[in-house]
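Hi,

Here is the structure I said I would pass on.

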Amino acid sequence: MKRYNMIFKGRVQGVGFRYKSYLLANELGLTGDVNNLYDGDVELNIQGDREKIDLFLEKLAMDRFIRIDDIEIKEKELINNEEKFKLS
C-alpha cells in the first residue's frame, strides 16, 4: 500500500481530468482526492496498491482530451481511515 501526492502539468484543466480521475480511482478501489490549482496544474493525492496506481496513471494518460506533460510525485504517509476518492 502506497500514498502519493502528484502535481500534473499540461492540458489538465477544462478537459475532464478531475472527473476521469474520480471514475478511475473508484473503479480501481483507490482513495484520495483531486483538485485544480490556480496555476493551471492539478493536484492529486492517491492511495492504494502500487500496481493499481500504475494502472490508474496509464488509463488517465490514454484519455484523448488530457495531455500530461509532467508529473511531480512525492511519497506520503498512509492515511489509515481514508475510505473513498473525492472530488475537491
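This is a predicted model: local features need pLDDT of at least 70, side-chain atom pairs count only at pLDDT 80 or more; totals for chains, interfaces and linings use all residues.

On the H1 side we have Phe 17, Lys 20, Ser 21, Leu 24, Ala 25, Glu 27 and Leu 28, and they meet Lys 52, Leu 55, Phe 56, Lys 59 and Leu 60 of H2. Sorted by class, that contact is made of seven nonpolar, one polar and four charged residues.

As for the geometry, H1 covers residues 17-28 and H2 covers residues 50-61. Their axes come within 10 Å and cross at roughly 145°. The crossing of H1 past H2 is right-handed.

Now the salt bridges. How many are there by the rule used here? The count comes to eight, and three of them are described below.

Glu 82 pairs with Arg 3, with the closest N and O atoms 2.7 Å apart. Glu 82 sits in the loop between strand S4 (67-75) and strand S5 (85-87), while Arg 3 belongs to strand S1 (residues 2-11), so to speak a link between distant parts of the chain, 79 residues apart. Are these two buried or exposed? Both Glu 82 and Arg 3 are buried.

Lys 9 makes a salt bridge with Asp 41, and here the closest N and O atoms are 2.6 Å apart. This pair also links distant parts of the chain: Lys 9 is in strand S1, and Asp 41 is in the loop between strand S2 (31-36) and strand S3 (42-48), 32 residues away. Lys 9 has 25% relative accessibility, so it counts as partly exposed. Asp 41 has 9%, so it counts as buried.

The side chain of Lys 20 forms a salt bridge with that of Asp 63, at 3.8 Å from N to O. Because Lys 20 lies in helix H1 and Asp 63 in the loop between H2 and S4, the pair ties together parts that are 43 residues apart in sequence. Lys 20 counts as partly exposed because its relative accessibility is 27%, whereas Asp 63, at 15%, counts as buried.

Cheers

Methods: Residues are numbered from 1 along each chain as its sequence is written. Side-chain values use heavy atoms; hydrogens and water are left out. Axes are lines fitted to C-alpha atoms, for helices over the stretch in contact, and angles run from 0 to 180 degrees between N-to-C directions. Helices (H or I, at least four residues) and strands (E, at least two) are DSSP runs, numbered from the N terminus. A crossing is left-handed if the near helix is turned anticlockwise from the far one by less than a right angle, and right-handed if clockwise. Contact means heavy atoms within 4.5 Å. Ala, Val, Leu, Ile, Met, Phe, Trp, Tyr, Cys and Pro count as nonpolar, Asp, Glu, Lys and Arg as charged, and the others, Gly among them, as polar. A salt bridge is a side-chain nitrogen of Lys or Arg within 4 Å of a carboxyl oxygen of Asp or Glu. Buried means under 20% relative accessible area, exposed over 50%, partly exposed in between (1.4 Å probe, protein chains only).
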